[in-house]
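Biologist: I have a new model open and would like to go through it with you. Can we take it piece by piece?

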Amino acid sequence: MSSAAQPARRRDAVATREAILAAAVVEFTEHGYARAGVRQIAERAGVTAMMINRYFGSKEGLFAEAVDRSFGPPTIVGDERQGLTRAIAHTLAERTGPGAERLDPFLLTLRSASDPEAADIVRRGIETHVGARLAGLLDGPEADVRAQLGLALAAGTWLLRAVIGTGALAAADNDRLADLLADMLQPITGETGDAPGGDPDSAAE
């Protein structure tokens, strides 16, 4: 009888942990590290605050796993080396345009960066996930530096266009913006002959 009950308890533990983590991602994204409360996360997950400490050790430990969960899946930077410049440029333009689905990893970063403890966790999350992913797609020297410059361009575009809504960027046509972004990203990615709106023959000269 005990052997039959054990798998059920195991499934419950997995489900409880997942519910807490999913709730934490939402709370940290909406309120930032400092303002997201353990009690609020527990209420959203349908558990007690004591359960959070049991599964994650602390609010900091939970935040670290929430960051990994948020930054793990590709958002702006995919996994394909071919056509990388255009892929990033088009995705960034589309996902920062009016009515686009919000970019939760960027929001989580923005709302938690003012807390030194949280900022360190976010930095590690960026470097481990999207930073490492982009650097791994780049040929040539200083891939880490170039990758993080690319992320800075992406983050700045998102902030001004989707959050602050500066006039020219907010009103820009997605295709035209993607062309401009691709021109800016080319020195970072090192791709040639991919200049949008230009002459491929001249790009090869």
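Biologist: Is Y33 buried or exposed?

Modeller: Y33 is buried, because its relative accessible area is 7%, and buried means under 20%. Keep in mind that this is a predicted model.

Biologist: What lies over the face of Y33?

Modeller: That is K59, at 4.7 Å from the ring centre.

Biologist: Okay, rings then. How many aromatic pairs does the structure hold?

Modeller: It holds 4 aromatic pairs. One of them is F28 with Y33: the ring centres are 6.0 Å apart and the planes are at 20°, so this pair is stacked.

Biologist: Why does that angle make it stacked?

Modeller: A pair of aromatic rings is described by the distance of the centres and the angle of the planes. Planes under 30 degrees apart count as stacked, and F28 and Y33 are at 20°.

Biologist: What about F28, buried or exposed?

Modeller: F28 is buried, with a relative accessible area of 0%.

Biologist: Which residues do the ring pairs link into a cluster?

Modeller: The cluster consists of F28, Y33 and F63.

Biologist: Let me step back. How many helices and strands are there in the protein?

Modeller: There are 11 helices and 0 strands. Along the sequence, the pattern reads α-α-α-α-α-α-α-α-α-α-α.

Biologist: And what percentage of the residues count as buried?

Modeller: The protein has 205 residues, of which 37% count as buried.

Biologist: Pick a helix for me. Which residues are buried in helix 3?

Modeller: Helix 3 covers residues 49–56, and I52, Y55 and F56 are buried in it. They cover an arc of only 75° around the axis, so they are on the same side of helix 3.

Biologist: Why would residues a few places apart point the same way?

Modeller: An α-helix has 3.6 residues a turn, so residues three or four places apart point the same way.

Biologist: Which exposed residues are on the face turned away from the buried side of helix 3?

Modeller: M50 and R54 are the exposed residues on that face.

Biologist: What comes just after helix 3?

Modeller: G57 does, and it takes a positive phi of about 85°.

Biologist: Which residue other than glycine has a positive phi?

Modeller: E142 has one, with phi near 55°. Most residues other than glycine have a negative phi. E142 lies in the loop between helix 7 and helix 8, and E142 counts as exposed because its relative accessibility is 60%.

Biologist: Now charges. What does the count of salt bridges come to?

Modeller: The count comes to 11 salt bridges. One of them joins E27 and R44, with the closest N and O atoms 2.9 Å apart. That pair links distant parts of the chain: E27 is in helix 1 (residues 2–35) and R44 is in helix 2 (residues 38–45), 17 residues apart.

Biologist: Is E27 buried or exposed?

Modeller: E27 is buried, with a relative accessible area of 7%. R44 counts as partly exposed, at 43% relative accessibility.

Biologist: What about E30, which residue does it form a salt bridge with?

Modeller: E30 forms a salt bridge with R44, and the closest N and O atoms are 3.8 Å apart. Here E30 is in helix 1 and R44 in helix 2, 14 residues apart. E30 is partly exposed, with a relative accessible area of 32%.

Biologist: Where do R81 and D139 lie?

Modeller: Their side chains meet in a salt bridge at 2.9 Å, N to O. D139 lies in the loop between helix 7 (116–137) and helix 8, and R81 in the loop between helix 4 (59–71) and helix 5 (84–95), so the pair ties together parts that are 58 residues apart in sequence. D139 counts as exposed, at 54% relative accessibility, while R81 counts as partly exposed at 39%.

Biologist: Which residues do salt bridges with shared partners join into one network?

Modeller: D120, R123, R124 and E127 are joined into one network.

Biologist: Last topic, the surface. Which residues make the nonpolar patch?

Modeller: L110, L160, V163 and I164 make a nonpolar surface patch of about 320 Å². Helix 8 (residues 143–164) gives the largest share, 3 residues.

Biologist: Where does I164 lie?

Modeller: I164 lies in helix 8, and it counts as exposed, because its relative accessibility is 53%.

Terms used: Residues numbered from 1 in each chain as written. Predicted model: local features only at pLDDT ≥ 70, side-chain atom pairs only at ≥ 80, totals over all residues. Heavy atoms only, no water. Patch = residues over 30% accessible without salt bridge, like charges linked within 9 Å, V, L, I, M, F, W, Y side chains within 5 Å. Areas by Shrake-Rupley, 256 points an atom, 1.4 Å probe, with all protein chains shown as cover. Salt bridge = Lys/Arg side-chain N within 4 Å of Asp/Glu carboxyl O. Helix = DSSP H or I, 4+ residues; strand = E, 2+ residues; numbered from the N terminus. Buried < 20%, exposed > 50% of the residue type's maximum accessible area, 1.4 Å probe, protein only. Phe/Tyr/Trp six-rings, centres within 6.5 Å; stacked < 30°, edge-to-face > 60°. Lys NZ or Arg CZ within 6 Å of the ring centre and 35° of its normal. Arc of directions from axis to C-beta.
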